[in-house]
Amino acid sequence: QVQLVESGGGLVQAGGSLRLSCAASGNIFSINYMGWYRQAPGKQRELVARIYSHGSTNYVDAVKGRFHISRDNAKNTVYLQMNGLKPEDTALYYCNAVGLSYSDSREYDCWGQGTQVTVSS
């Protein structure tokens, strides 16, 4: 099994910053990509940002220029630096990792428990 442990959420005023971290551990042979999703009350879960093993990234339009995703391959950890936060960024943020298992080379698609980000106006 693969486990994801998230940290870094919290309450911040509009215009502030937060940094989310997500560490993957367990039966990992490789990680193809890691990313962050978010889900606000009454809304569908949406992709916020994703980073691939070779370093390419993509972002949802709403966060471009404000959020930055990075990755430490040696630590199997992904970070989401969130600057210029807005009230509409308030959501439960989930980490996601997709790759191959060490034991049987089967693909895994793993999710974290979620970390709350609340931005006050």
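Analyst: A disulfide here is a pair of cysteine sulfur atoms within 2.5 Å. By this rule there is one disulfide, and it joins cysteine 22 to cysteine 95, with an S to S distance of 2.0 Å. The link of cysteine 22 and cysteine 95 is left-handed, with -85° about the S-S bond. Cysteine 22 lies in strand β3 and cysteine 95 in strand β9, so the pair ties together parts that are 73 residues apart in sequence. Strands are DSSP runs of E with at least two residues, numbered from the N terminus.

A word on the source: this is a predicted model, in which local features need pLDDT of at least 70 and side-chain atom pairs count only at pLDDT 80 or more, while totals for chains, interfaces and linings use all residues. Residues are numbered from 1 along each chain as its sequence is written, and side-chain values use heavy atoms, with hydrogens and water left out.

Both cysteine 22 and cysteine 95 are buried; buried means under 20% relative accessible area, exposed over 50%, and partly exposed in between, with a 1.4 Å probe and protein chains only. Cysteine 110 is in no disulfide, and the nearest cysteine sulfur, that of cysteine 95, is 8.1 Å away. Cysteine 110 is also buried, at a relative accessible area of 12%.

Now to the strands. An open sheet is formed by four strands in the order β1-β3-β8-β7, with antiparallel pairing; two strands pair if DSSP finds at least two bridges between them. β1 (2-7) and β7 (67-72) stand at the edges with a single partner strand each, so one side of each is left without a neighbour in the sheet. From one strand to the next the twist averages 15°, with axes taken as lines fitted to C-alpha atoms and angles running from 0 to 180 degrees between N-to-C directions.

Strand β3 (residues 18-26), which holds cysteine 22, pairs with strand β8 (residues 77-82) over six antiparallel bridges. Leucine 20 has leucine 80 in β8 as its bridge partner. β8 is also joined to β7 by six bridges, again antiparallel, and phenylalanine 67 is partnered there by methionine 82 of β8. Four residues separate β7 and β8 in their hairpin, where asparagine 76 in the turn has a positive phi of about 50°.

In a regular strand the side chains alternate between the two faces of the sheet. β7 has Phe67, Ile69 and Arg71 on its covered face, and His68, Ser70 and Asp72 on the uncovered one.
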